[in-house]
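Me: I should like to learn how to read the features of a protein structure. Could you guide me through one?

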Amino acid sequence: MSKTQQIVQLLVTCMIDAIAPNIGMSVKNILNRHQCEVQFQNSQTCCGQPAFNAGFIKQARTMARHTIDVFSKTTGPVVIPSGSCTDMIVHQYPEILKHDPIYKTKAEQLSKRTFEFTQFLVDYLKVEDVGAHYTGCAAYHPCCHGLRNLNIKRQPSILLNNTQSLKQVELDCAEECCGFGGLFSINMNKISESMLNKKMSHVIDSGANVLIANDLGCIIHMQGGLRRKGINIKVKHIAEIIDDCN
Amino acid sequence: MTVTKLTFYDRIDNALSHPEKQLAISAGAKAKYINRANAMAEFQDMEMTRQLARQVRANTLSKLDLYLEQFADNVETLGGKIFWAKDADECNNYIHQLAVRHNVKLIAKSKSMLTEEIDLNDSLGHANIEVVETDLGEFIVQLSNDRPSHIIAPVLHMTREDVGTIFNENLNVPFTTDPSELNTIAREHMRHIFLNADMGISGVNFGVAESGSICLVTNEGNGRLISTTPRIHVAIMGMERIVPTLTDLNTMLQLLARSATGQKLTVYNNIITGPKRTNELDGPDELHIIIIDNGRSNILASSLSEILYCIRCGACLNACPVFQSIGGHAYGSVYPGPVGSILSPLLFGNHFDPLPHASSLCGACKEVCPVDIDLPSLLIKLRTQNIQKGSAPLWMQISQWIYAVTICNPILFQIFLQLAQTITNRFSQKGWITKLPGPLKNWTNQRDFPALAQKSFRQMWSSNKE
């Protein structure tokens, strides 16, 4: 190999770890193809976002300190295939630990080296075409936290536009929340359902046979809703789409 | 504010069981959302103006006592009267006494959410003083004995047919759904009110400290009529609604109109500086400005003071997918939507504690806020306060602790993962579960839940390594 390898820490997220490990593998494969040596810290667990969003600040701080400890011992950028977990580490960790004399600085340091997956590819590695090939008719749903808190909009669009054989269709009200919102989907399930129904009808109207997003929470929410309605539309993480290079 | 007996969850159920109403609300809010986006898109340096407005609000609130004093001094120099009301009762009593003293029989009112907050109409009604709402939307609400469902568009929840029926039943006119005919009916009815009212009552969009002026914006002109025709004008202002200068007012008005209705400027922008002067023919003999606290100074002193930046444009309501789904009435407060979910528990107490939980934290509200209030963060802060008060159900408190302990111990986490794998695999079909127990059934009532993968990522990773 001519280029030196960039060491990258994969924070795979607890949900991908437990529910959809293939997404993590796709991320690893894509990064490997672009001169990255991917490291996975076995001691990583969950970033604490579910606790933080629900108002359990003490627990969220404890989990934040754990994640900081895991990654403080490592080098290289931290890459996360989720906009909301990235937002948690980039924006919320420094905020919730700002009065912690030990972890304040550590949180800021981790924040600076943490990137969402498509952001890392396009903005950090300057890779716009990963040589992907995917046959399908796709709509893209930008997940809220990535979109509004990290401005993840351009990056997925560039990567998808450069995916061969992928037909893209417009999704009406694409930037409207699918109704997941973590504990919200259980606590306020009826409102969540009403939001999901609107999202699903837009997805169906788009004519897509695959819906692409970049946060597993939203993905299982929309997939779970579509399955229950017996609608055969697959919801996939963008990493799964652009890992396909055959 | 009058509080309903129904719980928030009951009100949500009610709202969701009327799909035709929800359709009207959703369509109305969406239209406003799009109008705002278009108006903002053609506004040069929008983001700069927005950040400037935010700074103006932050600066004003940090020295609110000084600006209020300057404002009050200027009003009094101009011949206006200032009354400082601690709460709703003090404000309503002052107006009642004033009305009795001046033998007021009929009051014409322009739209003001603050007067809804303090139940002014009920209070005056008990004293047999007739109050007529002159804003078209508020007039419809008043005729039908309803409540406004949106801070800018009080009858967002109604259709034209509803309005036609209300006019037909209350004003002795034939039924019509034609907007211009409906307008004419209201106009004819209202003209008589404007000419005969003894007192006009309005809110205040902004008080200008440097000039002692109050600014009142309306699209129907009723604000101008009620503040010039009757003998007495009473303006009620929340203590946070101050801008230091007329230049600041200019910034705010540009954002307010675009954010609220998608207009470049509201049709009538009244800047009222004192009562009628000796050489003038028009205007009220007396101008009374009531500056009301009603819980605001407590908010100002709290970690949630940013919510007082709000200029009541309603953009966050229109953008909110939760508001679009359940409408304003479900919140049970005069202030619905994201801003209401923060203001209501702070102003009106515990009954409104569940409101901050009704958000997916999607951030659409912050995106459209003309003064860039970080509404999602404020919602989380209130959730945190609720948890600290111990208001979360026991199952949630216990599961959050188990979750935290597990997360901080990678070995426990792995054991937990394997346990969950075994359990979910037993109950799943083709990798999906259709029925979960306990609180999780709220998920599986409407959606399938994925089983955990046969092999987790960490297991795959370590077997690849071997």
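This is a predicted model: local features need pLDDT of at least 70, side-chain atom pairs count only at pLDDT 80 or more; totals for chains, interfaces and linings use all residues.

Me: How is the extent of an interface expressed, and how much area do chain A and chain B bury between them?

Reply: The size of an interface is often stated as the accessible area lost when the parts come together. Here chain A and chain B bury about 5,700 Å² between them, with 64% of it on carbon and sulfur atoms. Three residues, A:F56, A:I186 and A:R228, supply 12% of the area that chain A buries against chain B, more than any other three residues.

Me: How many residues does the contact take from each chain, and how many salt bridges cross the interface?

Reply: Chain A contributes 63 residues to the contact and chain B contributes 64 residues. The rule finds 6 salt bridges across the interface of chain A and chain B. A:R148 forms a salt bridge with B:E367, in which the closest N and O atoms are 3.1 Å apart.

Me: What span should helix α2 of chain B have?

Reply: At 1.5 Å a residue, the 23 residues of this helix, residues 19-41, should span 33 Å. The end C-alpha atoms of helix α2 of chain B are 32 Å apart, which agrees. Among its buried residues are B:I25, B:A29, B:R36 and B:M40.

Me: Is B:I398 buried, partly exposed or exposed?

Reply: B:I398 has a relative accessible area of 43%; because this value lies between 20% and 50%, the residue counts as partly exposed. B:I398 lies in helix α19 of chain B, residues 394-407. Together with B:L394 and B:I402, B:I398 forms a nonpolar patch on the surface, with about 300 Å² of accessible area together.

How values were computed. Residues are numbered from 1 along each chain as its sequence is written. Chains are lettered from A and ligands numbered from 1 in the order in which they are written. Side-chain values use heavy atoms; hydrogens and water are left out. Helices (H or I, at least four residues) and strands (E, at least two) are DSSP runs, numbered from the N terminus. The expected span of a helix is 1.5 Å times one less than its number of residues. Buried means under 20% relative accessible area, exposed over 50%, partly exposed in between (1.4 Å probe, protein chains only). Patches are made of residues with over 30% relative accessible area and no salt bridge: like charges are joined within 9 Å, nonpolar side chains (Val, Leu, Ile, Met, Phe, Trp, Tyr) within 5 Å. Accessible areas come from the Shrake-Rupley method with a 1.4 Å probe; for residues, only the protein chains shown count as cover. A salt bridge is a side-chain nitrogen of Lys or Arg within 4 Å of a carboxyl oxygen of Asp or Glu. Contact means heavy atoms within 4.5 Å. Buried area is the accessible area (1.4 Å probe) that two parts lose on being put together, summed over both.
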